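Please read it beside the sequence and structure.

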Amino acid sequence: MSCEMIYFVKTIYESPQFIQNHFHPCYELVYYLKGSGRSEISGTQYEFHENTFFLIQPKHIHNEQEYQY
């Protein structure tokens, strides 16, 4: 099995954010260094906090609601 990293993004928010429903044509690995909140992935709600990660499958609709940093 081969693997290719298409892009890498590091984002630092200064205040809580809401990221609307969206999807990607590839897997997405999201790692939270700080903060807490909720993410909905394909209709299921998940809580996240410091040092939490999600691996989201291609074409799965998801969003994020951060509560605090």
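Ring pairs connect Y32, Y46, F48 and F54 into a cluster. Rings of Phe, Tyr and Trp (its six-membered ring) pair if their centres lie within 6.5 Å; planes under 30 degrees apart count as stacked, over 60 as edge-to-face and the rest as tilted. The model is predicted: local features need pLDDT of at least 70, side-chain atom pairs count only at pLDDT 80 or more, and totals for chains, interfaces and linings use all residues. Residues are numbered from 1 along each chain as its sequence is written, and side-chain values use heavy atoms, with hydrogens and water left out.

**Aromatic pairs**
- Four aromatic pairs are found in a search of the whole structure.
- Y32 and F48 are stacked, because their ring centres lie 3.7 Å apart and their planes are at 10°.
- This pair links distant parts of the chain, with Y32 in strand β2 and F48 in strand β4 (residues 44-48), 16 residues apart; helices (H or I, at least four residues) and strands (E, at least two) are DSSP runs, numbered from the N terminus.
- F48 and F54 have ring centres 6.3 Å apart and planes at 90°, so this pair is edge-to-face.
- F48 is buried at a relative accessible area of 2%, and F54 is buried at 11%; buried means under 20% relative accessible area, exposed over 50%, partly exposed in between (1.4 Å probe, protein chains only).

**Strand β5 and the surface**
- β2 and β5 run antiparallel and are joined by five bridges; two strands pair if DSSP finds at least two bridges between them.
- The covered face of β5 holds T52, F54 and I56, and the uncovered face holds F53 and L55.
- L55 is exposed, with a relative accessible area of 54%.
- Y27, L29, Y31, L33, F53 and L55 make a nonpolar surface patch of about 720 Å².
- β2 (28-32) and β5 (52-56) are the elements that give two or more residues to the nonpolar patch.
- Accessible areas come from the Shrake-Rupley method with a 1.4 Å probe; for residues, only the protein chains shown count as cover.

**Polar contacts of H62**
- H62 lies in strand β6 (residues 62-68) and is buried at 1% relative accessibility.
- The side chains of H62 and E28 make a polar contact (2.7 Å); such a contact is a pair of N or O atoms within 3.5 Å, and within protein one must be able to donate a hydrogen and the other to accept it, while residues adjacent in sequence count only if both atoms are side-chain atoms.
- E28 stands opposite I56 in β5.
- A polar atom of the H62 side chain lies 2.9 Å from the backbone oxygen of H60.

Definitions and conventions:
Patches are made of residues with over 30% relative accessible area and no salt bridge: like charges are joined within 9 Å, nonpolar side chains (Val, Leu, Ile, Met, Phe, Trp, Tyr) within 5 Å. A salt bridge is a side-chain nitrogen of Lys or Arg within 4 Å of a carboxyl oxygen of Asp or Glu.
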